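Biologist: Please take me through the strand pairing, the contact between the chains and the confidence of this model.

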Amino acid sequence: MILGKVVGTVWATRKDEQLVGMKLQIVQQVELDYALKSNFVVAVDSVGAGVGEIVLVAQGSSARQTAQTHNKPVDAVIIAIVDKLDVSQAPLLQEEQEEPTEA
Amino acid sequence: MNLGRVIGNLWATRKYPALKGRRMLIVQPLTFTGAQAGSPLIALDTVDAGEGDVVLYATASEAAIPFHPGLTPTDATIVGIAERIDHRDRSWHTA
């Protein structure tokens, strides 16, 4: 799943009838420190997230794994509102970074 | 499936009901030699992985298979903990 910040809402009157009643939120991706990235996705909201909240988004066919989106033409869904992240920057990670990626 | 290292936890009170009681971990993808590969992602845990563990995770709709039957909206799920990796360029113990 990816982390993002809800930055807006899409309103669409004419849409596939299977999308009627769904709230479509614009989610801009963020880094682990919540810094905004440039890419964004429009996601169906399954948890009642509001603008400004940091959320977790599931994408692809997995987005159809909710009661609300099951078998619907949806490829992104907000599945949680983030309270807190605990991130360790383990020393091991720096060692890993120094290793060549290609051999 | 892919390899990654668990670098943290995510806490969320308001979530899709099927995610209640599921741990959500922050995973840094790795190459088979242990180098960082791309940006961290969030994955559900099925094997009690902990911070620092090198894990095997499934992505896309297959990530929901461990939770069948029933709908669980996940596109990344940890399905194993790797102890040792043998690769022609590097054999390594993950701990």
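Biologist: In what order do the five strands of the closed barrel in chain A run?

Modeller: The pairing within this barrel is mixed. Strand 2 (residues 24-30) and strand 3 (residues 36-45) of chain A pair in the antiparallel sense over six bridges, whereas strand 3 and strand 5 (residues 76-81) of chain A run parallel and are joined by two bridges. Neighbouring strands of the sheet are turned against each other by 55 degrees on average, direction ignored. The order of the closed barrel in chain A is 1-2-3-5-4.

Biologist: Which residue in strand 5 of chain A stands opposite A:Asp45?

Modeller: Strand 3 of chain A has pairings with two strands to consider. Towards strand 5 of chain A, the parallel neighbour of strand 3, the residue opposite A:Asp45 is A:Ile78.

Biologist: How many bridges does strand 4 of chain A form with strand 5 of chain A?

Modeller: Strand 4 of chain A covers residues 54-59, and its pairing with strand 5 of chain A is antiparallel. Within the pair, A:Gln59 stands opposite A:Ala76. The number of bridges between strand 4 and strand 5 of chain A is five.

Biologist: Is A:Tyr34 buried or exposed?

Modeller: A:Tyr34 lies in the loop between strand 2 and strand 3 of chain A, a hairpin with five residues between the strands. A:Tyr34 has a positive phi of about 70 degrees although it is not a glycine. Most residues other than glycine have a negative phi. Because A:Tyr34 has 12 C-beta neighbours inside 10 Å, and 12 or fewer is the cut-off, A:Tyr34 counts as exposed.

Biologist: How does B:Ala60 count, with its 13 C-beta neighbours inside 10 Å?

Modeller: B:Ala60 is placed in the loop between strand 4 and strand 5 of chain B. Its phi is positive, about 65 degrees, although B:Ala60 is not a glycine. Since a residue is exposed at 12 or fewer neighbours and buried at 20 or more, the 13 neighbours of B:Ala60 make it partly exposed.

Biologist: Which strand supplies the largest share of the side of chain B that touches chain A?

Modeller: The contact takes 37 residues from chain B and 36 residues from chain A. Strand 1 (2-11), strand 2 (24-30) and strand 3 (41-45) of chain B each supply at least two residues of the chain B side, which divides into 19 nonpolar, twelve polar and six charged residues. The largest share, six residues, comes from strand 1 of chain B.

Biologist: What is the bridge partner of A:Val87 in strand 1 of chain B?

Modeller: Strand 6 of chain A, residues 84-87, pairs with strand 1 of chain B. This pairing is antiparallel and extends over four bridges. The bridge partner of A:Val87 is B:Gly8.

Biologist: Which element of chain A has the lowest mean pLDDT?

Modeller: Chain A averages a pLDDT of 88, and 85% of the residues score at least 70. Over residues 91-98 of chain A, however, pLDDT stays under 50. Where pLDDT is low, the predicted coordinates should not be read in detail. Strand 4 of chain A has the highest mean, 97, and the lowest, 46, belongs to helix 1 of chain A.

How values were computed:
Residues are numbered from 1 along each chain as its sequence is written. Chains are lettered from A and ligands numbered from 1 in the order in which they are written. This is a predicted model: local features need pLDDT of at least 70, side-chain atom pairs count only at pLDDT 80 or more; totals for chains, interfaces and linings use all residues. Two strands pair if DSSP finds at least two bridges between them. Axes are lines fitted to C-alpha atoms, for helices over the stretch in contact, and angles run from 0 to 180 degrees between N-to-C directions. Two residues are in contact if their C-beta atoms, placed from the backbone, lie within 7 Å. Ala, Val, Leu, Ile, Met, Phe, Trp, Tyr, Cys and Pro count as nonpolar, Asp, Glu, Lys and Arg as charged, and the others, Gly among them, as polar. pLDDT is the predictor's confidence in each residue, from 0 to 100.
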